Amino acid sequence: MTILVTGGAGFIGSNFVLDWLAESDEPIVNVDKLTYAGNLDNLTALNGDARHIFVKADIGDVTVISKLLADHRPRAIVNFAAESHVDRSIHGPAEFIQTNVVSTFSLLEEARRYWGELPDGEKHAFRFLHVSTDEVYGSLEKTDPAFREGDQYKPNSPYSASKAASDHLVRCYHHTYGLPVLTTNCSNNYGPFHFPEKLIPLCILNALSLKPLPIYGDGQQIRDWLYVKDHCAAIRRVLEAGKLGETYNVGGWNEMANLDVVGTLCAILDELQPRADGLSYASQITFVKDRPGHDRRYAIDATKLERELGWKPVETFETGIRKTVEWYLANQDWVANVTSGAYQNWLGKQYSH
Ligand code: NAD
Ligand code: TYD
């Protein structure tokens with residue numbers, strides 16, 4: 001048996017591929033367009049491993065996808081491929097609509113065609129798992145209960161609106177065509193291979209190079225952080241035992257204000273690699289102009305996944321963030337490769353003010 005993973009050279013997808021092949025011998029066909037966010041360096045541990053077949057392609061490329069499905073006959077598709085950064089979606093939403101809506105639609109069409117022609121046994125076993133975000137639910141007030149699966153979708157950014165659209169398409173392919181789909185809506189991830197445009201890796205790397213740690217607005221926006229390996233375990237569990245057509249919220253019960261997140265990672269860096277001048281890295285915290293339409297709070301209620309499928313996160317924020325800081329300190333070569341070239345252009349555009 002084989003599974004087909006899309007976006008498996010990105011942050012979460014590459015962690016998923018590595019964890020999957022560490023836990024089982026079932027091969028993976030990994031389809032990734034290798035945008036700025038896709039990086040084969042994440043997968044060097046699999047060089048020469050016949051269980052990992054990498055294909056550079058767009059999920060919207062019908063010719064490639066239909067051939068891969070026919071040739072490899074996967075028992076499941078796990079769809080990570082997406083444009084994923086809110087700030088980039090504000091600067092340029094078109095790419096988000098193209099990949100997250102149009103290409104995801106195309107992938108669903110190919111999956112439907114393939115699944116429709118499978119013999120009964122394989123047809124029954126097939127799954128299309130769509131990896132999505134808590135941002136589709138919009139923003140919470142301080143005292144609102146955490147997001148639950150039945151909550152209304154109220155996306156506020158081009159990123160979250162495009163993910164919401166893809167979730168609706170996935171849902172309707174089950175309702176209308178019977179495609180055996182599963183959807184996961186996860187909170188903010190962090191951990192190894194996180195591209196340093198996102199808050200946590202950006203601040204670790206800026207701290208080490210003695211640059212400002214940019215905090216949008218008042219830094220009191222709340223996110224619910226989950227260590228990436230816990231997210232990967234949740235996806236494996238939903239793929240294994242999720243009820244068809246259902247959605248599952250995935251979160252770590254770790255709500256934290258951005259300023260506290262950055263304060264925590266500065267304290268770990270102070271301990272592991274103190275600044276030569278004895279000052280704390282926290283002295284580099286700099287408040288900058290807020291993100292337009294910045295969602296104030298996200299929080300996930302993961303009760304359904306915990307109760308029905310028995311998943312629980314292994315890491316607390318304290319253990320996960322320490323592992324993450326240690327990983328960035330130990331992987332300076334990876335950092336040097338991803339922070340060259342186009343990444344510098346993004347920093348110039350986003351933080352010039
Ligand atoms: P990422 O940006 O690090 O990786 C996305 C990957 O998809 C990259 O490797 C990129 O090359 C690839 N890709 C982009 N467009 C493609 C296309 N048209 N065809 C094929 N490949 C394409 O993103 P991530 O953080 O790993 O997120 C993965 C998925 O998880 C996304 O769907 C995202 O919405 C979702 N998600 C992310 C988070 C988070 O905190 N990062 C939280 C919840 C859900
Ligand atoms: P981010 O990592 O971009 O994830 P998301 O917007 O999908 O939640 O941002 C996490 C939080 O950190 C979010 O509230 C925006 C904030 N943030 C900053 O304060 N400064 C930054 O430089 C970045 C990139 C994000």
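## Second largest cavity

About 40 Å³ of space lies in the second largest cavity of this predicted model. A cavity here is a set of points, on a 1 Å grid over the protein atoms alone, where a 1.4 Å probe fits but cannot get out. Grid points are joined across faces, edges and corners, and a volume is the space filled by probe spheres set on the points. The structure holds two cavities of 30 Å³ or more.

The second largest cavity is lined by Ala37, Asn39, Asn42, Phe193, His194, Phe195, Trp334 and Val338. Lining residues have an atom within 4 Å of a point. Five of these residues are nonpolar, three are polar and none is charged. Ala, Val, Leu, Ile, Met, Phe, Trp, Tyr, Cys and Pro count as nonpolar, Asp, Glu, Lys and Arg as charged, and the others, Gly among them, as polar.

## Basis of the model

The model is predicted: local features need pLDDT of at least 70, side-chain atom pairs count only at pLDDT 80 or more, and totals for chains, interfaces and linings use all residues. Residues are numbered from 1 along each chain as its sequence is written, chains are lettered from A and ligands numbered from 1 in the order in which they are written, and side-chain values use heavy atoms, with hydrogens and water left out.

## Ligand 1

Ligand 1 has 28 residues around it (a heavy atom within 4 Å). Ile12, Asp32, Ser84, Tyr159 and Lys163 come nearest. By class, the shell has 13 nonpolar, 11 polar and four charged residues.

Polar contacts are pairs of N or O atoms within 3.5 Å; within protein, one must be able to donate a hydrogen and the other to accept it, and residues adjacent in sequence count only if both atoms are side-chain atoms. A polar side-chain atom of Tyr159 sits 2.6 Å from an oxygen atom of ligand 1. Backbone N or O atoms also approach ligand 1 oxygen atoms: one of Gly10 at 3.0 Å, and one of Val131 at 3.4 Å. Taken alone, ligand 1 exposes 830 Å², and the protein buries 96% of that. Accessible areas come from the Shrake-Rupley method with a 1.4 Å probe; for residues, only the protein chains shown count as cover.

Helix H1 (11-23), strand S5 (127-133) and helix H6 (158-177) each give two or more residues to this shell. S5 supplies the largest share, three residues. Helices (H or I, at least four residues) and strands (E, at least two) are DSSP runs, numbered from the N terminus.

## Ligand 2

Ligand 2 is surrounded by 19 residues, and Glu135, Arg223, Arg291, His294 and Tyr351 are the closest. Eight residues of the shell are nonpolar, five polar and six charged.

A polar side-chain atom of Arg291 lies 2.5 Å from an oxygen atom of ligand 2. A polar backbone atom of Tyr216 is 2.9 Å from an oxygen atom of the ligand. Pro214 places a backbone N or O atom 2.8 Å from a nitrogen atom of ligand 2. Alone, ligand 2 exposes 510 Å², of which the protein buries 98%. Helix H3 (86-91), helix H7 (199-208) and strand S8 (213-216) each give two or more residues to the shell. The largest share, three residues, comes from S8.

## Phe317 and Arg148

Phe317 lies in helix H11 (residues 317-330). Phe317 counts as buried because its relative accessibility is 0%. Arg148 sits in the loop between S5 and H6. Arg148 counts as partly exposed because its relative accessibility is 43%. Buried means under 20% relative accessible area, exposed over 50%, partly exposed in between (1.4 Å probe, protein chains only).

Phe317 and Arg275 are 42 residues apart in sequence and 24 Å apart in space, C-alpha to C-alpha. For Arg148 and Asp301, the separation is 153 residues in sequence and 5.5 Å in space, C-alpha to C-alpha.

Key
On a 1 Å grid over the protein atoms alone, a cavity is a set of points where a 1.4 Å probe fits but cannot get out, and a pocket is an open set with protein on both sides within 12 Å along at least five of seven lines; lining residues have an atom within 4 Å of a point.
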